[in-house]
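The exercises below are meant to be worked through with the sequence and the model side by side. Try each task before reading its solution.

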Amino acid sequence: MRGSAAVVYKIDINADTYGVIYADLHNGNIHYTDNSLTLFDFDHCAYGWRAYDLAIAFGYPDIIRDAMIKGYETHRKLSAAEYSAMPAFLQLRASGMWEMSGHQRSA
């Protein structure tokens, strides 16, 4: 786990990369209606790396992952460090030993 955390800590801390995040994005917390979606279950919200919310995409088929990242990047391009950290975020979250709310850093 230390290696994964080390990858995460390479991401710059600034307003673009770090702030309030949802931290629990998955199909069980999304309600789809027509052409819109509603997120609910905000108990994991915390200050953290914005790429953490996209890391869940690495658990989906490549076509879905690529679409999620492409959509995100219409608003802000991800850095190389953020790309590198996404699989690490997913691994850390799956370990059950690492919660975003327990790893807060001041920006």
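**Exercise 1. In which order do the elements of the chain run from the N terminus on?**

Before starting, note that this is a predicted model, in which local features need pLDDT of at least 70 and side-chain atom pairs count only at pLDDT 80 or more, while totals for chains, interfaces and linings use all residues. Residues are numbered from 1 along each chain as its sequence is written, and side-chain values use heavy atoms, with hydrogens and water left out.

Step 1: Take helices (H or I, at least four residues) and strands (E, at least two) as DSSP runs, numbered from the N terminus. Step 2: Count them, which gives four helices and four strands. Step 3: Read them off from the N terminus, and the order is α-β-β-β-β-α-α-α.

**Exercise 2. Describe the burial, contacts and surface of the chain.**

Step 1: With buried meaning under 20% relative accessible area, exposed over 50% and partly exposed in between (1.4 Å probe, protein chains only), buried residues make up 34% of the 107 residues. Step 2: Count a contact where heavy atoms lie within 4.5 Å; among contacts between residues at least 6 apart in sequence, 70% join residues at least 24 apart. Step 3: By the Shrake-Rupley method with a 1.4 Å probe, the chain exposes about 6,500 Å², of which carbon and sulfur atoms supply 56%.

**Exercise 3. Find the residues other than glycine with positive phi in two of the loops, and state how far each is exposed.**

Step 1: In the loop between β2 (30-33) and β3 (36-39), aspartate 34 has a phi near 50°, a positive value in a residue other than glycine. Step 2: Aspartate 34 counts as exposed because its relative accessibility is 78%. Step 3: In the loop between β3 and β4 (46-49), aspartate 41 has a positive phi of about 70°, although aspartate 41 is not a glycine either. Step 4: The relative accessibility of aspartate 41 is 33%, so this residue counts as partly exposed.

**Exercise 4. Which helices each supply at least two residues of the lining of the largest cavity?**

Step 1: On a 1 Å grid over the protein atoms alone, a cavity is a set of points where a 1.4 Å probe fits but cannot get out, and lining residues have an atom within 4 Å of a point. Step 2: A search of the whole structure finds one cavity of 30 Å³ or more, and the largest cavity has a volume of about 80 Å³, where volume is the space filled by probe spheres set on the points, joined across faces, edges and corners. Step 3: Its lining includes Tyr52, Asp53, Phe89 and Arg93. Step 4: The helices asked for are α2 (51-55) and α4 (80-95).

Conventions: On a 1 Å grid over the protein atoms alone, a cavity is a set of points where a 1.4 Å probe fits but cannot get out, and a pocket is an open set with protein on both sides within 12 Å along at least five of seven lines; lining residues have an atom within 4 Å of a point.
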